[in-house]
Amino acid sequence: MKKQRPVNLDLSTISFPAPAIASILHRVTGVALFFALVFVIWAWAYSLQDQQSFDFVKTLMTSHLAKFIAWGTITVLIYHLVGGIRHLIMDMGHWEELKSGNLSAKVTIALWLVLAVLAGVWIWF
């Protein structure tokens with residue numbers, strides 16, 4: 001039996017609901033944290049070698065690129081933490097209905113944006 005199903009190859013026309021975006025962002029931030037830890041572990045290990053290494057890492061961390069990387073790492077960590085708390089609450093049986101699931105996803109993303117801005121202010125000022 002041959003089924004005639006519509007095929008939509010234009011991904012820009014697909015709009016995901018807020019819970020799908022929140023879940024996808026949680027997965028993406030988990031992968032990003034894995035790669036960000038390479039930089040963090042290198043900086044920690046190198047800075048502990050001797051005084052010159054510590055001074056080098058300290059100087060490196062004051063550059064705009066390093067501050068941007070640190071902000072990105074903190075921002076990714078914040079979303080993964082907030083999204084993880086949301087998932088834990090959902091695992092306990094709450095926020096599983098359509099309305100509350102949408103609201104919790106929107107609140108998670110909004111809280112992440114506010115905390116990301118605050119993290120940027122903390123790093124740069």
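Predicted model: local features only at pLDDT ≥ 70, side-chain atom pairs only at ≥ 80, totals over all residues.

Biologist: What radius of gyration does the protein have, and what would a compact globule of 125 residues have?

Modeller: The radius is taken over C-alpha atoms, and the globule rule is 2.2 Å times the number of residues to the power 0.38. That rule gives a value near 14 Å for a compact globule of 125 residues, but the protein has 20 Å. Along the principal axes, the C-alpha atoms fill a box of roughly 70 × 35 × 25 Å. The C-alpha atoms of Asp50 and Val7 are separated by 60 Å, at 43 residues apart along the chain.

Biologist: What share of the residues counts as buried?

Modeller: Buried means under 20% relative accessible area, exposed over 50%, and partly exposed in between (1.4 Å probe, protein chains only). By this scheme, 26% of the 125 residues count as buried. As for contacts, meaning heavy atoms within 4.5 Å, residues 24 or more positions apart account for 72% of those with a separation of 6 or more.

Biologist: How do the axes of α1 and α2 cross?

Modeller: Axes are lines fitted to C-alpha atoms, for helices over the stretch in contact, and angles run from 0 to 180 degrees between N-to-C directions. Here the axes of α1 and α2 cross at roughly 145° and come within 7 Å. From α1, Trp42, Ala43, Tyr46 and Ser47 meet Ser53, Phe54, Phe56, Val57 and Leu60 of α2. The residues of this contact divide into 7 nonpolar, 2 polar and no charged. In these classes, Ala, Val, Leu, Ile, Met, Phe, Trp, Tyr, Cys and Pro count as nonpolar, Asp, Glu, Lys and Arg as charged, and the others, Gly among them, as polar.

Biologist: Which residues lie nearest the centre of the largest pocket?

Modeller: On a 1 Å grid over the protein atoms alone, a pocket is an open set of points where a 1.4 Å probe fits, with protein on both sides within 12 Å along at least five of seven lines; lining residues have an atom within 4 Å of a point. The largest pocket is lined by 18 residues, and Phe39, Val40, Trp44, Met61 and Ala70 lie nearest its centre. By class, the lining has 15 nonpolar, 2 polar and 1 charged residues. α1 (18-47), α2 (51-60), α3 (64-91) and α4 (98-124) each supply at least two lining residues, and the largest share, 7 residues, comes from α1.

Biologist: Is Val40 buried or exposed?

Modeller: Val40 lies in helix α1 and counts as buried because its relative accessibility is 18%. Gly30 is also found in helix α1, but counts as partly exposed, at 24%.

Biologist: What is the phi of Trp95?

Modeller: Most residues other than glycine have a negative phi. Trp95, in the loop between α3 and α4, has a positive phi near 60°. At 34% relative accessibility, Trp95 counts as partly exposed.

Technical notes: Residues numbered from 1 in each chain as written. Heavy atoms only, no water. Helix = DSSP H or I, 4+ residues; strand = E, 2+ residues; numbered from the N terminus.
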